[in-house]
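Please read the following report alongside the sequence and the coordinates.

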Amino acid sequence: MIDWFVWVQVVVALVVGLLCVGIALSGRAPNDLTVFAIGAVELLLLAQVVVSIVAPFTGNHPTGDLLEYWIYLVTAVIIPPAATLWALVARSRWSTAILAAAAFTVAIMVWRMSQIWFVQVI
């Protein structure tokens, strides 16, 4: 992982989550803005997959359990498309809240992945 990229991912996911909460509170169903915003979170996660594959070859090894890290990452990659599909199938204000929950979940998972990568001692 790259430390500054973790912060970018967390901030973007939190901003997308707050955006979706605001749109949900206004009573609107998911729209292009919310779907493209959660799509941006997904693109950052896919970039994280590439970084996670390349990083060990450049000497940036995780200090925690690699299996746990990859389980978090794969799960985080699945969450935005699943939430988007759910939101588009059941279009209501609650669907937009589902997108918000997905974005907040990704933010927490990316933060935890950074803890697994950087903080733990072997």
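## Basis of the model

This is a predicted model, in which local features need pLDDT of at least 70 and side-chain atom pairs count only at pLDDT 80 or more, whereas totals for chains, interfaces and linings use all residues. Residues are numbered from 1 along each chain as its sequence is written, and side-chain values use heavy atoms, with hydrogens and water left out.

## Overall fold

The secondary structure comes to four helices and zero strands, and from the N terminus on the elements run α-α-α-α. Helices (H or I, at least four residues) and strands (E, at least two) are here DSSP runs, numbered from the N terminus. The C-alpha atoms fill a box of roughly 50 × 20 × 20 Å, taken along the principal axes. The radius of gyration is 15 Å, which agrees with the value near 14 Å that a compact globule of 122 residues would have; this radius is taken over C-alpha atoms, and the globule rule is 2.2 Å times the number of residues to the power 0.38.

Of the 122 residues, 40% count as buried, where buried means under 20% relative accessible area, exposed means over 50%, and partly exposed lies in between (1.4 Å probe, protein chains only). Among contacts (heavy atoms within 4.5 Å) between residues at least 6 apart in sequence, 84% join residues at least 24 apart.

## Helix 1

The 23 residues of helix 1 should span 33 Å at 1.5 Å a residue, and its end C-alpha atoms are 33 Å apart, which agrees; the expected span is 1.5 Å times one less than the number of residues. The buried residues in helix 1 include F5, V6, Q9, V10 and A13, and what covers the buried residues of this helix includes helix 2 and helix 4. Just after helix 1, G27 takes a positive phi of about 85°.

Q9, placed in helix 1 (residues 3–25), is buried, with a relative accessible area of 4%. Apart from residues up to four places away in sequence, Q9 touches M1, L44, L45, Q48 and V110.

## Helix 2

Helix 2 has 23 residues and reaches 33 Å from its first C-alpha to its last, close to the 33 Å expected at 1.5 Å a residue. At the start of helix 2, a side-chain oxygen of N31 comes to within 3.1 Å of the backbone nitrogen of L33. The buried residues of helix 2 include T34, E42, Q48 and S52, and their cover includes helix 1, helix 3 and helix 4.

T34 lies in helix 2 (residues 32–54) and is buried, with a relative accessible area of 0%. Leaving aside neighbours within four places in sequence, T34 is in contact with C20, I23, T96 and L99.

## Nonpolar core

Which residues have the most contacts inside the largest nonpolar core? They are M1, V16, L45, Y69, V106 and V110, in a core of 30 residues; such a core is a set of buried Ala, Val, Leu, Ile, Met, Phe, Trp, Tyr and Cys residues joined through side-chain atoms within 4.5 Å. Helix 1, helix 2, helix 3 (66–89) and helix 4 each supply at least two residues of this core, and helix 4 gives the most, with 12 residues.

Leaving aside neighbours within four places in sequence, V106 is in contact with A13, V41, L45, A76, I79 and P80. The C-alpha atoms of A76 and A103, 27 residues apart along the chain, are separated by 9.6 Å.

## Aromatic pairs

A search of the whole structure finds four aromatic pairs. Rings of Phe, Tyr and Trp (its six-membered ring) pair if their centres lie within 6.5 Å, and planes under 30 degrees apart count as stacked, over 60 as edge-to-face and the rest as tilted. W7 and W111 form an edge-to-face pair, at 5.2 Å centre to centre and 65° between the planes. This pair links distant parts of the chain, with W7 in helix 1 and W111 in helix 4 (residues 93–119), 104 residues apart. W7 counts as partly exposed at 44% relative accessibility, and W111 counts as partly exposed at 36%.

Y69 and W70 also form an edge-to-face pair, at 5.9 Å centre to centre and 90° between the planes. Y69 is buried, with a relative accessible area of 0%, whereas W70 is partly exposed, with a relative accessible area of 25%. Ring pairs link Y69, W70 and W117 into a cluster.

Methods:
Polar contact = N/O pair within 3.5 Å; in protein donor to acceptor, adjacent residues only side chain to side chain.
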